[in-house]
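Here are my notes on this structure, written as numbered points. Keep the model open beside you as you read.

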Amino acid sequence: MSVLVDRERIFQPSRVRAIFLMMGGVALVLTELFRLRLRPLIRSLEITDFGFTDTIGNSGGIIVQIFLALAIINPTKIQSYRLAAFFSGGFILYEVAQPYLPQGTFDWYDVLATVVGYGIALILLGLVWINVEKTA
């Protein structure tokens with residue numbers, strides 16, 4: 001078994017893969033709704049949200065990234081947790097590299113939002129695997 005990806009599992013159908021795909025799709029829709037609808041509303045009403053709507057792309061985006069990637073990769077339980085950490089670390093490294101990229105800016109709130117999104121993804125992953133193992 002590979003640490004992150006088993007080549008033969010990528011082509012195997014599985015119920016958990018369908019669950020990951022649905023969760024990634026729901027997370028994508030919610031993230032974009034928040035970004036396109038909630039953010040302008042909060043700003044127009046001048047509500048202080050402590051940066052929540054400004055960082056929804058990071059907190060929601062990492063959840064989308066994790067679940068859509070897991071749907072493609074079809075990992076085992078332990079691999080799914082490793083991949084979630086891998087993707088979250090990548091998001092954080094990208095944020096840290098922002099000052100060195102054209103027009104990039106570093107924001108601690110984005111790092112915090114990524115960590116929060118990762119935490120939510122871990123909770124959801126745990127719930128998925130508990131339910132999958134119960135019905136197996």
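1. Start with Leu30, which sits in helix H2, residues 15-44. The model is predicted, so treat each value as computed from it. Is Leu30 buried, exposed or partly exposed? Its relative accessible area is 42%. Buried needs under 20% and exposed needs over 50%. Leu30 is therefore partly exposed. Now look across to Val64. It lies 34 residues from Leu30 along the chain, yet 9.7 Å separates the two C-alpha atoms.

2. Move on to Thr31, also placed in helix H2. Its relative accessible area is 7%. The cut-off for buried is under 20%, so Thr31 counts as buried. Which residues does Thr31 touch, once neighbours within four places in sequence are set aside? They are Ile56, Gly60, Gly61 and Val64.

3. Next, the aromatic rings. How many aromatic pairs does a search of the whole structure find? It finds five. One of them joins Phe20 and Phe67. A ring pair is described by the distance of the centres and the angle of the planes. For Phe20 and Phe67 the centres are 5.8 Å apart and the planes make 45°, a tilted pair. This pair links distant parts of the chain: Phe20 belongs to helix H2 and Phe67 to helix H3 (residues 56-73), 47 residues apart. Both Phe20 and Phe67 are buried.

4. A further pair is Phe34 with Phe52. Here the geometry is edge-to-face, with 6.2 Å centre to centre and 65° between the planes. Phe34 is in helix H2, while Phe52 is in the loop between H2 and H3, 18 residues apart.

5. Return to Phe20 and Phe67. Together with Trp129 they form one aromatic cluster. Trp129 is listed among the buried residues of H5. That brings us to this helix.

6. Helix H5 covers residues 108-135, which is 28 residues. From its first C-alpha to its last it reaches 41 Å. At 1.5 Å a residue, 40 Å is expected, and the model comes close to that. The buried residues of H5 include Ala113, Gly117, Ala121, Leu125, Val128 and Val132. Why look at the spacing of such a list? An α-helix has 3.6 residues a turn, so residues three or four places apart point the same way. What do the buried residues of H5 pack against? They pack against H2, H3 and helix H4 (77-97).

7. Now the chain as a whole. It has five helices and zero strands. From the N terminus the order reads α-α-α-α-α. The C-alpha atoms fill a box of roughly 50 × 30 × 20 Å along the principal axes. The chain has 136 residues, and 37% of them count as buried. Take the contacts between residues at least 6 apart in sequence: 73% of these join residues at least 24 apart.

8. Last, surface and charge. The accessible surface comes to about 8,400 Å², and 69% of it belongs to carbon and sulfur atoms. The chain carries 11 positive and 10 negative charges, and their mean positions are 11 Å apart.

Note on methods:
Residues are numbered from 1 along each chain as its sequence is written. This is a predicted model: local features need pLDDT of at least 70, side-chain atom pairs count only at pLDDT 80 or more; totals for chains, interfaces and linings use all residues. Side-chain values use heavy atoms; hydrogens and water are left out. Helices (H or I, at least four residues) and strands (E, at least two) are DSSP runs, numbered from the N terminus. Buried means under 20% relative accessible area, exposed over 50%, partly exposed in between (1.4 Å probe, protein chains only). Contact means heavy atoms within 4.5 Å. Accessible areas come from the Shrake-Rupley method with a 1.4 Å probe; for residues, only the protein chains shown count as cover. Lys and Arg count as positive and Asp and Glu as negative; His and the chain ends are not counted. The place of a charge is taken as NZ of Lys, CZ of Arg, CG of Asp or CD of Glu. Rings of Phe, Tyr and Trp (its six-membered ring) pair if their centres lie within 6.5 Å; planes under 30 degrees apart count as stacked, over 60 as edge-to-face and the rest as tilted. The expected span of a helix is 1.5 Å times one less than its number of residues.
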